[in-house]
Amino acid sequence: MATLHRSVATLRIVGDALVPDQISSLLGAEASKEQTKGEKIVGPKTGRVRIARFGMWRLHASEQIPSDLDAQVKEILDQLTPDLAIWEELSRQFEMDLFCGLFMDAENEGIALSSDTLAALGQRHIELGLDIYGSSQD
């Protein structure tokens, strides 16, 4: 099995009552991107204005070519508090996931996550979401 061509990963914390500055304070890092429910958001390309329907705090990892999802999870979690009590409280209040985009360059590529990575996500109640994109050559 060939290694997956490319991967992107983002930790997302979502909730109606989410206040991004409070999440940053609890986790010890600034968001890559954030929004508060009711906030006016202007589309960077279209200039269209929309109103955020929920609050969101996101932290992006560096894109990896070839993919290295273990390294991306480590990059994100290393910036944040290791205090599992904080993660427990966040999981009670908000939805949390690690959104991953996995991009294939050929028809038989794969990816594996170490047990340490899976345990770190589980200890923090972070759901793993995988979006898999086929080769653009298809």
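This is a predicted model: local features need pLDDT of at least 70, side-chain atom pairs count only at pLDDT 80 or more; totals for chains, interfaces and linings use all residues.
User: Good to know. Which residue does the side chain of Lys37 meet in a salt bridge?

Analyst: That would be Asp16, with an N to O distance of 3.6 Å. Lys37 sits in the loop between strands E3 (33-35) and E4 (40-42), while Asp16 is in the loop between E2 and helix H1 (20-27), so their pairing ties together parts 21 residues apart in sequence.

User: How many salt bridges does the structure hold?

Analyst: There are 6. One of them is between the side chains of Arg12 and Asp97, at 2.7 Å from N to O. Arg12 belongs to strand E2 (residues 6-15) and Asp97 to strand E7, so this pair links parts that are 85 residues apart in sequence.

User: Are those two buried or exposed?

Analyst: Asp97 is buried, with a relative accessible area of 14%. Arg12 counts as partly exposed, at 26% relative accessibility.

User: And what about Lys74, which residue does its side chain meet in a salt bridge?

Analyst: Asp78, at 2.7 Å from N to O. Both Lys74 and Asp78 are in helix H2, 4 residues apart, which means about one helical turn separates them. Lys74 is exposed, and Asp78 is exposed too.

User: Changing topic: which residues of helix H4 are buried?

Analyst: In H4, which covers residues 115-123, they are Thr117, Ala120 and Leu121. Viewed down the helix axis, these buried residues fall within an arc of 95 degrees, so they line one face of H4. As background, an α-helix has 3.6 residues a turn, so residues three or four places apart point the same way.

User: What covers that buried side, and what is on the other one?

Analyst: The cover over the buried residues of H4 includes helix H2 (69-78), strand E7 (95-103) and strand E9 (127-133). On the other side of H4, Ser115 and Asp116 are exposed.

User: What's the phi of His125, following H4?

Analyst: The phi of His125 is positive, near 60 degrees.

User: Now the surface. Which residues make the nonpolar patch?

Analyst: Leu118, Leu128, Leu130 and Ile132 make a nonpolar surface patch of about 350 Å². Strand E9 gives the most to this patch, with 3 residues. Ile132 is found in E9, and this residue counts as exposed because its relative accessibility is 58%.

User: Last one, Thr81. Where is it, and is it buried or exposed?

Analyst: Thr81 is in the loop between H2 and helix H3 (84-93). This threonine counts as buried, at 14% relative accessibility.

User: What does it touch?

Analyst: Leaving out residues up to four places away in sequence, Thr81 touches Leu26, Leu27, Ile86, Trp87 and Arg124.

User: And how far is a polar atom of its side chain from the backbone nitrogen of Asp83?

Analyst: That distance, from the side chain of Thr81 to the backbone nitrogen of Asp83, is 3.1 Å.

User: Great, thanks!

Definitions and conventions:
Residues are numbered from 1 along each chain as its sequence is written. Side-chain values use heavy atoms; hydrogens and water are left out. Buried means under 20% relative accessible area, exposed over 50%, partly exposed in between (1.4 Å probe, protein chains only). Helices (H or I, at least four residues) and strands (E, at least two) are DSSP runs, numbered from the N terminus. The arc is that of the directions from the helix axis to the C-beta atoms. Contact means heavy atoms within 4.5 Å. Patches are made of residues with over 30% relative accessible area and no salt bridge: like charges are joined within 9 Å, nonpolar side chains (Val, Leu, Ile, Met, Phe, Trp, Tyr) within 5 Å. Accessible areas come from the Shrake-Rupley method with a 1.4 Å probe; for residues, only the protein chains shown count as cover. A salt bridge is a side-chain nitrogen of Lys or Arg within 4 Å of a carboxyl oxygen of Asp or Glu. A polar contact is a pair of N or O atoms within 3.5 Å; within protein, one must be able to donate a hydrogen and the other to accept it, and residues adjacent in sequence count only if both atoms are side-chain atoms.
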